[in-house]
Amino acid sequence: MLPRGRPRALGAAALLLLLLLLGFLLFDGRLRRAAALDGDPGAGPGDHNRSDCGPPPPRPSKCELLHVAIVCAGHNSSRDVITLVKSMLFYRKNPLHLHLVTDAVARNILEMLFHTWMVPAVRVSFYNADELKSQVSWIPNKHYSGLYGLMKLVLPSALPAELAHVIVLDTDVTFASDISELWALFAHFSDTQAIGLVENQSDWYLGNLWKNHRPWPALGRGFNTGVILLRLDRLRQAGWEQMWRLTARRELLTLPATSLADQDIFNAVIKEHPGLVQPLPCVWNVQLSDHTLAERCYSAASDLKVIHWNSPKKLQVKNKHVEFFRNFYLTFLEYDGNLLRRELFGCPSQPPPGAEQLQQALAQLDEEDPCFEFRQQQLTVHRVHVTFLPHEPPPPRPHDVTLVAQLSMDRLQMLEALCRHWPGPMSLALYLTDAEAQQFLRFIEASPVLAARQDVAYHVVYREGPLYPVNQLRNVALAQALTPYVFLSDIDFLPAYSLYDYLRASIEQLGLGSQRKAALVVPAFETLHYRFSFPHSKVELLALLDVGALYTFRYHEWPRGHAPTDYARWREAQAPYRVQWAADYEPYVVVPRDCPRYDPRFVGFGWNKVAHIVELDAQEYELLVLPEAFTIHLPHAPSLDISRFRSSPTYRDCLQALKDEFHQDLSRHHGAAALKYLPALQQPQSPARD
């Protein structure tokens, strides 16, 4: 959602900016004193690695559109891009057009992210990296970036012909200044210069790092290509494509491969055509590599502009000042991206898709309405980062089932047990802040059980608003499921160990799909004990039920929610049996992936699953109870939304208002058939339900 209360967001951003600037000033003073004590001569006046370059060029006009190109492939690189973009957005004062060269994985992630981020004055264009692979696949490359690390070479031909200027960035850089200052350096180019680069801040290209080290040719120390200013028009006129290809083929006659991907080839071309390059001040690419000499730059600089984590070790690189740089990076890694949805006042721009309609709907809300929080939460557009971690899609199987669920930070402890119980694919939506998303990442990496599961897709929905958007989360997880069928569960349930295989066999035997429109009911039970012996079969479950170690789900507080399952019949059943819909029925079901979505108006606690079952029944899904299936709810502390539901009559009144609106929409879609649900909708929900 485009946040209301903008002055507050701007205040938080301004405060962070002030703190960062103060940190730089203090850090700069310490570095200068350290350099004086160490006798570090710093950068000489004739060195390309200088931090000052005469008077600063004029900034671009306030509303000038700045173009930025980034090559990005895979899940991890997509996360890096987001941190980079956050740092750019934090300082920027100009509209931006991002040109993203991506593989299919990164495009799927970033297209959804930017669509839901809805940042004003930011355009995003995607280019298919797979279509460019053939242009660089002939180049042997030892660098960990693989083929994608060579694709900056083909940007002059890949980007639109009318695009003349572009800033090219690696995904592992972080801005500490307004990107318009970097764009302004195009003004320093002579009539022949076409490539702006910062000198390489190590001895790599001098060839003296170890015995028999033979780098690619370079001009002096060479240049680092993590930050590039490209005059695309001049490169095209100069025959750039033929130029770099001829140079690369010639060098590869005597060198086995590139070691630093595109950077080696850029440097070899510049060695042969030095007039192409415009050296940039070193502060625009402070390189934290394993053998960095960057301290010569930042100890003499008045401020830093771009920090580049160009070591394969990234944040674990050895550097005596790494803690400062790491904290700076973490500031943006964990920064609330919602605060970056700020307007560029005085710069008219095309609003993000859907933004105008959203603002109009928000403007019509009455802040005095007792249900204002519910109305606002329904309209909130949450940032969504699908497949937050590396994920391998399941191989296509005609009866495969994905477990679909949602959770927040306080339910992470359920994941390991769930993975042990369900060996099949899962699609899970997590409601997290930006900082919590990083905690979640560390949680997964620290768990051998979770780290080994590449068939579990985690989708982060970023937290915004006071109420838990439970059905929006379910819809995100459901939309990302890749198998023909889905098991719609909740995170605090553990399925029977055999349930995954049993469901696939049942789907095939019952002829679901095009032959039969049905929802398979998985009977739900619960234990009140935090530790208990999980049953391995229906026989064991019934024994636990008989001795009071297990109960049918919500037997004590809300029996009507699952009573239509007919547990007495289930005890003896040998075959699936059909049950009828009844008021407040909310079983856990297996349905085709293209089933109706959950109604997103139901936020917080109450009626979120019930409404979905009503819709399934209205669309004439059979409800078939499976005789050998079961899932068991584990105890946990009540959520904040449940507590509010129990204690607040207003909360319950608002839920009733949502139910009334739901029935009105149901009547519009299904006509007189919706009348059967009216008595159920008019029944008050019990505040005792847990």
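I paired rings of Phe, Tyr and Trp (its six-membered ring) if their centres lie within 6.5 Å, and I called planes under 30 degrees apart stacked, over 60 edge-to-face and the rest tilted. I worked on a predicted model, where local features need pLDDT of at least 70, side-chain atom pairs count only at pLDDT 80 or more, and totals for chains, interfaces and linings use all residues. Residues are numbered from 1 along each chain as its sequence is written, and side-chain values use heavy atoms, with hydrogens and water left out.

Entry: ring cluster. I noted that ring pairs join Phe90, Tyr91, Phe328, Phe332 and Tyr335 in a cluster.

Entry: I then looked up burial (buried: under 20% relative accessible area; exposed: over 50%; partly exposed: in between; 1.4 Å probe, protein chains only). Phe90 is buried at 5% relative accessible area, and Tyr335 is buried at 7%.

I next examined Trp422 and Phe487, a tilted pair with 5.9 Å centre to centre and 35° between the planes. Trp422 is buried at 0% relative accessibility, and Phe487 is likewise buried at 0%.

Entry: charges over rings. I required NZ of Lys or CZ of Arg within 6 Å of the ring centre and within 35 degrees of the ring normal. The charged end of Arg383 sits over the Trp117 ring, 5.8 Å from its centre. The charged end of Arg560 sits over the ring of Trp558, 5.8 Å from its centre.
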